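This report describes how the parts of a predicted model meet. Please consult the sequence and structure shown below while reading.

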Amino acid sequence: MKYTLRAIYNFYADGFRNMTWGRPLWGLILLKAIFLFLVLRLFFFKPVLAGKSEEQRSEHVSKELIYKSNQ
Amino acid sequence: MVESALVGWSRLQFALTAGYHWLFVPLTLGLAVIMATMESIYVVKGDEFWKKCAKFWMKLFAINFAVGIATGIILEFEFGTNWSNYSWFVGDIFGAPLAIEGILAFFMEATFFAVMFFGWGKVSKRTHLFATWMTGIGAAISAVWILVANGWMQHPVGMEFNPDTVRHEMVDFWALVTNPTFISKFFHSVFSGWMTGAIFVIGISCWYLLKNRERRFALSSIRVAAIVGIVGTFAVMFSGDSSGVHAAKYQPMKLAAAEGLMDGGERAAFSIVPGVEIPGMLSILATHDINGYVPGINNLLDGYTTPDGQVFPSAEEKIERGQTAIAAFAEYRELKDSDSAAAAEARRVLDENVDYFGYGYIDSREELVPNVGLVYWAFRVMVGLGCALLLLMVVVLWAEYKKRLPDMKWLQWAALLSIPLVYLAGQAGWIVAEVGRQPWVIEGLLPTKAAVSSVSVAAVQTTFFIFVAVFTLFLVIEMRILIKAIKQGPQVEQE
């Protein structure tokens, strides 16, 4: 088991170490992940129902659905 | 006014994100099959040339994958922020397939993708080939779960609405995964990816021919890609045919809009372009019967009876039943903790009318008609380009077998210039599917205007323009990396 895990680790580590053209692609993926999770998610896309209990969410959406039907 | 602006901007933002995401997905699906086929030839024949071919297209696959990865996550952000009513209302119907997709995609990609790129010379040829095929199959499996969710929105099945939780709850998982709308949509989407991959490979290979370099590589790539592309196109046609039949059954307004059909009937004509029609063809396509009845937009709004006696209600009747459903829902929510008998009666009324729930938000019958001009022309762009690209692939394959392709510069140019056209066809297809089902987010159950969150228009506009800027930047980066890799060509040693 220990040998298998080590072999898997070495496989990935060697792969990343020996990358040539793949390196800028990983840079791009990292840049995108930072933008997605540290900029977009934190500052622009806060889930409207976050922090509410299941019951509060049901209540919130039911009010929205009823309110919008009267618009 | 603010409400309609909010709906408009939220839709535009979602369309931009989904359209951007769909620039990368079809190429992933198609290139995966082409490079795996090349590697299979390498394993069977033992010719290193095919390994070099496979490795080159894998490199372009990786570039496309790196830029495209996680663009779908933005859609999930939008669900939570801009479409919170929808996200809650769909409940586990949407959550379960997307969760399966996320977990499967992560593990399959993390495993097989790594073996495909890092495993050359470290694992056996057959293990490597297995990983390459599994990378492609994994991408297609991801599409399964996304399209299960999308198919459900187009034709909701296998669920019950629970007014206590205000959610749809899955009662029949099997109905969800055998939903005919999902099945035809899945094959249509995946095989359109094969077309995209094929045209991409043929176009770039023709660029090498135009530059008079990599001749053997280009011609061999063209042969594999054209065969994959032709098979894919026929599969797209068959799945498109069943998609049409399902639209006629479950989303007749979408079909009527795609045809610009105002007044339907038996032996309905198919419009090629305005003024040019094939009599009876629409009935054949929609019902597989030349005498089949196809309702037009006016029939759907006025209500109609089919020749076999089936009665379909008018828009006004549906709107009235929708209003009854919402009123009963509101009453149930108000009384459920104080008056159980009255709540039970409200629940009964709700259950009787719940299939029309979404119609309760519709103010006028005109709202039930999607943008006919856009859907009509998008459909013609999709089908027209699909036919033209099929012809191109057949001619290219014929020319290659006749050994005449290297001399046919016009054909090489046509193939190269077709690359943007296959993307245009794919985007047009999604316009037909998604604009065509307006005003619905969930057919008949929830219109777009009720699905949207009460957030500020300015917030949506801000993120829309951020996306425009960032997506453009990433696209430019991808194009530069892709062009650099293509210019280097396949002889460069890669990891």
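## A salt bridge between two domains

Asp164(B) and Lys336(B) form a salt bridge, with their closest N and O atoms 4.0 Å apart; a salt bridge is a side-chain nitrogen of Lys or Arg within 4 Å of a carboxyl oxygen of Asp or Glu. The count between domain 1 of chain B and domain 2 of chain B is one salt bridge. Lys336(B) lies in the loop between helix H13 (315-335) and helix H14 (340-353) of chain B, and Asp164(B) in the loop between strand S1 (159-162) and strand S2 (167-170) of chain B, 172 residues apart. Helices (H or I, at least four residues) and strands (E, at least two) are DSSP runs, numbered from the N terminus.

Lys336(B) is partly exposed at 28% relative accessibility, and Asp164(B) is partly exposed at 32%. Buried means under 20% relative accessible area, exposed over 50%, and partly exposed in between (1.4 Å probe, protein chains only).

## Basis of the model

The model is predicted: local features need pLDDT of at least 70, side-chain atom pairs count only at pLDDT 80 or more, and totals for chains, interfaces and linings use all residues. Residues are numbered from 1 along each chain as its sequence is written, chains are lettered from A and ligands numbered from 1 in the order in which they are written, and side-chain values use heavy atoms, with hydrogens and water left out.

## The domains of chain B

Chain B is assigned domain 1 (2-251 + 371-488) and domain 2 (265-361), with bounds that come from an automatic or database domain assignment. Taken over C-alpha atoms, the centres of these domains of chain B are 31 Å apart. In contact (heavy atoms within 4.5 Å) are 22 residues of domain 1 and 22 residues of domain 2 of chain B.

The two domains of chain B bury about 1700 Å² between them, 62% of it on carbon and sulfur atoms. Buried area is the accessible area (1.4 Å probe) that two parts lose on being put together, summed over both. In domain 1 of chain B, Phe161(B), Pro163(B) and Asp164(B) lose the most area to domain 2 of chain B, together 27% of what that side buries.

## The interface of chains A and B

The contact between the chains takes 37 residues from chain A and 56 residues from chain B. About 4000 Å² is buried between chain A and chain B, and carbon and sulfur atoms give 73% of this area. One salt bridge is counted between chain A and chain B: Glu59(A) pairs with Arg333(B), the closest N and O atoms being 2.9 Å apart. On the side of chain A that touches chain B, the elements that give two or more residues are helix H1 (2-17), helix H2 (22-44) and helix H3 (54-69) of chain A.

## Other salt bridges

Over all chains, the structure holds 16 salt bridges. One of them joins the side chains of Arg216(B) and Asp47(B) at 3.2 Å, N to O. Arg216(B) lies in helix H9 of chain B and Asp47(B) in the loop between helix H1 (2-45) and helix H2 (48-68) of chain B, so this pair ties together parts that are 169 residues apart in sequence.

Asp351(B) forms a salt bridge with Arg347(B), with the closest N and O atoms 3.5 Å apart. These two residues, Asp351(B) and Arg347(B), are four residues apart in helix H14 of chain B and so are separated by about one helical turn. Asp302(B), Glu316(B) and Arg365(B) are linked in a network of salt bridges.
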